[in-house]
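Dear colleague,

I am handing over the structure below, and my notes on the ligand and on one of the pockets follow it. Please read them with the sequence and the coordinates open beside you.

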Amino acid sequence: MELSQVNVELTGADLFVRCLQDEGVEYVFGYPGGAALHIYDAVFKQDKVKHILVRHEQGAAHAADGYARATGRPGVVLVTSGPGITNTITGIATAYMDSIPLVVFSGQVPTHLIGDDAFQEVDAVGLTRPCVKHNFLVRDVKDLALTIKKAFYIATTGRPGPVHVDIPKDVTAQKTRYYYPESVNMRSYNPVIKGHPGQIKKAVELILSAKRPMIYTGGGVVLGEAAEALTELVRLLGYPCTNTLMGLGAFPGTDPLFVGMLGMHGTYEANMAMHECDVLVAIGARFDDRITGDLNKFCPYARIIHVDIDPASISKNVPVDVPIVGNAANVMKDMIAAIRASGRKPDQEALKAWWKQLQAWRAVDCLNYDRKSELIKPQFVIEKLYEVTGGDAFVTSDVGQHQMWAAQFYKFNKPRRWINSGGLGTMGFGMPAAMGVQFAYPDATVTCVTGEASILMCIQELSTCKQYDLPIKIINLNNRYMGMVRQWQEFFYDRRYSHSYMDALPDFKKMAESYGHVGMFIDKPGDVEGALKEALKMKDRLVFMDFITDQKENVYPMIAAGSGHHEMHLSPSTGEAPAKRELA
Amino acid sequence: MRHIISILLENEAGALSRVANLFSARGYNIDSLTVAPTEDETLSRMTLVTRGSEDIIEQITKQLHKLVDVVKLTDLTEGQHIEREMMLIKVRAVGAAREEAKRLVDIFRGRIIDVTDTTYAIELTGTGDKLDAFIEAIRGLGIIELARTGASGIGRGEKGLRA
Ligand SMILES: Cc1ncc(C[n+]2csc(CCOP(=O)(O)OP(=O)(O)O)c2C)c(N)n1
């Protein structure tokens, strides 16, 4: 069928598919149903846009999200009305909290039935409104193409985010002429891109005057393709750099200037440096409560520069001294140029003293753990995973202790390699997200670090992985507990382990096998490395590795609620904390 | 502090609930909210009266700006402005109260727009304070019902809020 003539009239369904083709969409993750059947028929008639059939709509949203996080291109979802879109909500909210560009299409009951409580009717745009960047209900086929164009434009520009388009069934049957605009211009939507030169000048002045500088960056640097600029800026200055959970990989994890992740489970050196710095440069980070700890104790000595594409993120939680609205890459390039042009250098003497202090904090070795244990330590598995993959794998994760260990122990040198639900903290994210990554990069090593509780939340996607031969490597850190919940109950609820025990777990090895995959059971530390190597050799198979780990291991360091960065709980395996230094 | 925020937004389905949603989701106060199309029918103008510290008001305006339907907005209370609200109020008007009601309406420069043997329906326009004062003054006579529109406002002088 040749559809390119502008004069041809197309049904809404054919037009929809044609729009996706012209938008350059590679994959649509979806699940059919009554209200979406015209569209599914149109999908059937072509093969340019590939539809990936998941087993639950939550999986579709997470897979599209993983694809988007790994590539920077928007992830696309197609579901039916009613339960189709309600099942998608968790995935949409997950993407929204982490500013991930998704375009979600849902079928809707025909326009004349809207509001009648029709079969599988739900107020879809009403449901998604609080967790999307924007949404649309298309009431006329003539508006469909422009709406789709706007959806992609809004999702991918400014601070990215999910956009939802609800399409009633009759609209997909009506005919109209096909025309897909090259670009759109919306008077009500004009994201700022360049930082204000005056503000950049002020920021550079402050940066160069710092005695105890700290550079703190978040997911915005990854999303804004600003990792290169960040690396250049940090190395030019020689300042310490920390990343948030969302920002890992934006600055090379193996660089000596990197002091590790910060926040609730951040490193001792990163958190201490936050507490004691005199100039804080925050870039593409939003001062989330898991980062700041108690706001009254946050960075007490620092003057703060904040670069963000979203003006509403600036001074939301923490008042800042130099706000800069703009794209992180542009702003940092301007900063680098201004620093070079000034011919000035940071205060080398002060910087030397500051690094001496940082090294003393580093020497505490806050991530140390009992390496002689008879039990498999979860940290050890991640360390080995890092070694065996040469630090070059994609790592997705679920939510809990395993997520924190993966973040702490896998050193990401590149952006978009570490893929996790930081904002919403959605258990069940890891495996479907890994599917999206594997579709985007069929030859890459894609691993999913998970826990036995999280993995069960989207376990049905093992079937999708079989259908599409996705050779994901699943690392299940099986502690037979909702470990993170258990840890909080141990610390804050006097060891009353209320409903955090995972009773009646499946035999994961057999389960993986029953889905047609390879399953492994590993319960000895000595077998960890061999198992990982063996699994990674199976390039075309999904391997589910069930590691039976130490049940009682905790994530350290930890900042409890109401504490400041300098008030961390340290592991018993950690060295002595140095005496508090005198501040100049 | 009380702030009057004027917003030009796309006259599209869902625009109003996006604004209302934002306020409830983030726990901001709304004292009143009015909205109607402008002379350009693709645009609506909303007047929103809210309260909060300077930090909160800054967040509110930033978050409103972020909504894709919002074209422009201004905080009228930052400059000189005019503010009006309209009220329809029905009061009991029998015996001596009938005269008293009439007198109060004259003092407040309102208008009686509907009359029965026992009631007056009164229209009154002014600032919110003036309407409050009228309600206090006439309360003793017996208020049957009242409907207020919520404040509407514009800035003074040459400039206007335009797309
Ligand atoms: C959908 C969802 N429900 C509940 C939670 C709360 N929660 C956070 S971590 C956690 C336990 C996760 O256990 P597991 O997947 O086994 O990982 P572990 O902490 O043991 O590594 C729970 C229940 C959540 N994050 N997401």
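Around the ligand there are 17 residues, the closest being Q401(A), H402(A), G425(A), S454(A) and G483(A); please bear in mind that this is a predicted model. Within chain A, the helices α16 (401-409), α18 (452-455) and α20 (483-492) each supply at least two residues of that shell, and by class the shell has eight nonpolar, eight polar and one charged residues.

On its own the ligand has 580 Å² of accessible area, of which the protein covers 76%.

The other site I looked at is the second largest pocket, which holds about 1200 Å³ of space. Its lining comprises 42 residues, and those nearest the centre are Y96(A), D310(A), Q63(B), K66(B) and L67(B). The elements giving two or more residues to this lining are, from chain A, α4 (83-97) and β6 (134-137), and, from chain B, α1 (15-26), α2 (54-66) and β4 (70-75). Of these, α1(B) gives the most, with five residues. Sorted by class, the lining of this second largest pocket has 20 nonpolar, eleven polar and eleven charged residues.

With best wishes

How values were computed
Residues are numbered from 1 along each chain as its sequence is written. Chains are lettered from A and ligands numbered from 1 in the order in which they are written. This is a predicted model: local features need pLDDT of at least 70, side-chain atom pairs count only at pLDDT 80 or more; totals for chains, interfaces and linings use all residues. Side-chain values use heavy atoms; hydrogens and water are left out. On a 1 Å grid over the protein atoms alone, a cavity is a set of points where a 1.4 Å probe fits but cannot get out, and a pocket is an open set with protein on both sides within 12 Å along at least five of seven lines; lining residues have an atom within 4 Å of a point. Grid points are joined across faces, edges and corners, and a volume is the space filled by probe spheres set on the points. Helices (H or I, at least four residues) and strands (E, at least two) are DSSP runs, numbered from the N terminus. Ala, Val, Leu, Ile, Met, Phe, Trp, Tyr, Cys and Pro count as nonpolar, Asp, Glu, Lys and Arg as charged, and the others, Gly among them, as polar. A residue is near a molecule or strand if one of its heavy atoms lies within 4 Å of it. Accessible areas come from the Shrake-Rupley method with a 1.4 Å probe; for residues, only the protein chains shown count as cover.
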